[in-house]
Amino acid sequence: MSPDNTPETDHTRMHSVSDETRRIVDQVLDYSRRRILSDDTPLDHAATAAELKRLAGVTISEDGIGASRALAVFEHVLAPACITTDHPQFLSFIPSAPSKAAVAFDLVVSASALYGGSWLEGAGVVHAENEVLTWLANEFGLPAGSGGVFVQGGTIGNLSALVAAREYARERLDDRDAPRGRWVIVCSAEAHSSIASAARVMDVDVVAVPVGADGVLRAPEVRAALEEHGDRVIAVVATTGSTNFGTVDDVAGIAALKQEFDFWLHIDGAYGLTAMLSPLTRELYAGVEAADSVIVDPHKWMFAPYDACALIYRDPETGRRAHTQHAEYLDTLTEAADWSPSDYAAQLTRRPRGLPLWFSLATYGATAYRESIGHAIQLARRIAEEIAKRPGLTLVRDPQLSVVVFERDGWERADYNRWSDRLLADQQAFVVPSSYNGRPNARFAIISPLTTFEQLSAILDTME
Ligand SMILES: Cc1ncc(COP(=O)(O)O)c(C=O)c1O
């Protein structure tokens with residue numbers, strides 16, 4: 001007992017540098033090293049909650065189970081119950097394929113207890129993140145002075161951009177006394193679900209403009225929406241790489257409408273804006289330079305680990321006005337003229353999640369990125385040609401980027417489900433069924449530079 005009669009505890013045990021903490025760090029780094037450098041991590045698959053409970057046992061207790069046991073539970077029970085999203089044959093949703101440098105550096109970000117919310121606390125890392133954002137803005141043709149912040153993901157990026165767009169609309173209309181109704185966001189009927197999610201959070205309406213069979217949102221339909229909804233339009237969202245098909249909207253045509261209508265143009269490039277970096281597809285992106293805000297997710301096709309979305313404003317001031325939080329204890333930050341990333345999105349505390357991308361870009365250079373992105377585009381084209389040639393398979397759309405959607409003639413949803421389950425059970429590939437206009441289909445989303453034509457052809461063979 002201590003003099004004041006409280007029980008003696010070693011309250012520094014978790015934080016001090018001791019034999020125990022050294023051992024824990026060694027064990028964790030050893031595991032991380034093995035995982036990062038492994039080239040045969042299986043695809044794995046989910047387990048039921050009951051199985052996990054049985055296999056993992058009780059892990060949270062008053063005295064702790066110790067690092068060795070906790071790490072063993074992670075390595076042998078929990079990790080194998082997670083699908084390996086950076087596996088070359090993970091082809092569902094939007095896969096991840098972080099570069100080795102990016103993953104390794106993510107450890108450094110955690111190890112260094114970096115705070116990325118303000119210049120005062122994190123000037124060095126904010127500088128590095130801004131280097132990346134400025135480089136991206138330049139690639140996208142945005143003017144000098146454009147800037148923003150890395151947020152958690154495309155959903156928060158879209159929400160934050162659209163909140164800034166509403167701020168801009170409010171400021172613009174206050175001068176005019178225009179008639180008001182509910183605010184409206186105009187986007188394609190094939191826009192990502194996160195646009196509707198943002199609208200729900202913001203309590204505004206979505207006008208989902210119908211698109212033709214090629215899925216491209218074009219100026220005439222956007223013009224009609226602008227004419228109908230007038231000043232109530234907060235923003236027009238163009239998608240540069242839809243999630244289902246990788247379809248790129250006609251940004252140049254939509255941007256040209258800015259000459260007649262005053263609207264905020266937001267580019268949802270969470271998945272596909274990356275392909276603007278490749279000379280193979282750059283021409284699809286004409287007009288992006290006119291955007292008021294753009295997003296692109298490094299955790300998708302820019303080879304960064306989860307989770308990061310680059311949000312860039314043409315005029316960052318609008319973003320700052322929309323998002324800066326004011327509180328007495330923050331006065332030191334908000335009264336300074338410094339660039340504080342927290343001011344540019346719906347967030348306050350943030351890790352500098354752009355740093356793994358910064359380190360990877362700095363390490364390998366932009367050309368390596370262009371080439372790895374180009375690999376996926378070329379592979380998508382090649383496997384699409386193969387699909388078109390194979391009897392019994394039909395392409396639903398010609399791929400523009402790295403998503404290939406096709407049907408197996410005569411298959412119902414249940415056939416696709418069985419096929420998909422078998423591929424995973426055999427640990428060959430993770431390809432979940434998708435659908436278009438109510439018709440089930442198969443979809444390859446290609447991201448990893450390690451995915452090969454032979455792997456994809458072998459998957460097609462299983463549909464015979
Ligand atoms: C076009 C597009 N926008 C937004 C998102 C949402 O991104 P996140 O899942 O990072 O929130 C996605 C995700 O796939 C997407 O493909």
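Which residue in S4 does Val186 stand opposite?

Mentor: Val186 stands opposite Val236 in S4. This is a predicted model, and the pair belongs to the contact between strand S2 (residues 184-188) and strand S4 (residues 233-239), which run parallel and are joined by 3 bridges.

The sheet as a whole is open and has 7 strands, in the order S1-S7-S6-S5-S4-S2-S3, with mixed pairing. At its edges are strand S1 (147-151) and strand S3 (205-209), each of which pairs on one side only. From one strand to the next, the twist averages 20°. As a general point, strands of a sheet pair through backbone hydrogen bonds, in either a parallel or an antiparallel sense.

Both senses occur around strand S6 (residues 293-296). Strand S5 (residues 264-268) runs parallel to S6 and is joined to it by 3 bridges; here Asp268 has Ile295 of S6 as its bridge partner. Strand S7 (residues 309-313) runs antiparallel to S6, with 4 bridges between them, and Val294 stands opposite Ile312 in S7. The side chains of S6 point two ways: Ser293 and Ile295 to one side, Val294 and Val296 to the other, and all are buried.

Helix H5 (residues 119-139) lies across S1, S6 and S7, and runs at about 115° to S1. Helix H8 (residues 219-229) packs on the sheet and touches S2, S3 and S4, with its direction at about 145° to that of S3.

Across their boundary, 21 residues of domain 2 are in contact with 17 residues of domain 3. On the domain 2 side, helix H10 (298-301) and helix H13 (355-364) each supply at least two residues. That side divides into 10 nonpolar, 9 polar and 2 charged residues.

Last, the ligand. It is surrounded by 14 residues, the closest being Gly153, Gly154, Thr155, His192 and Ala270. Helix H6 (residues 154-174) gives the largest share of this shell, 3 residues. By class, the shell has 4 nonpolar, 8 polar and 2 charged residues.

Terms used. Residues numbered from 1 in each chain as written. Predicted model: local features only at pLDDT ≥ 70, side-chain atom pairs only at ≥ 80, totals over all residues. Buried ≥ 20, exposed ≤ 12 C-beta atoms within 10 Å, placed from the backbone. Pairing = 2+ DSSP bridges. Near = placed C-beta within 6 Å. Nonpolar A, V, L, I, M, F, W, Y, C, P; charged D, E, K, R; others polar. Contact = placed C-beta atoms within 7 Å. Axes fitted to C-alpha atoms, helices over the stretch in contact; angles between N-to-C directions.
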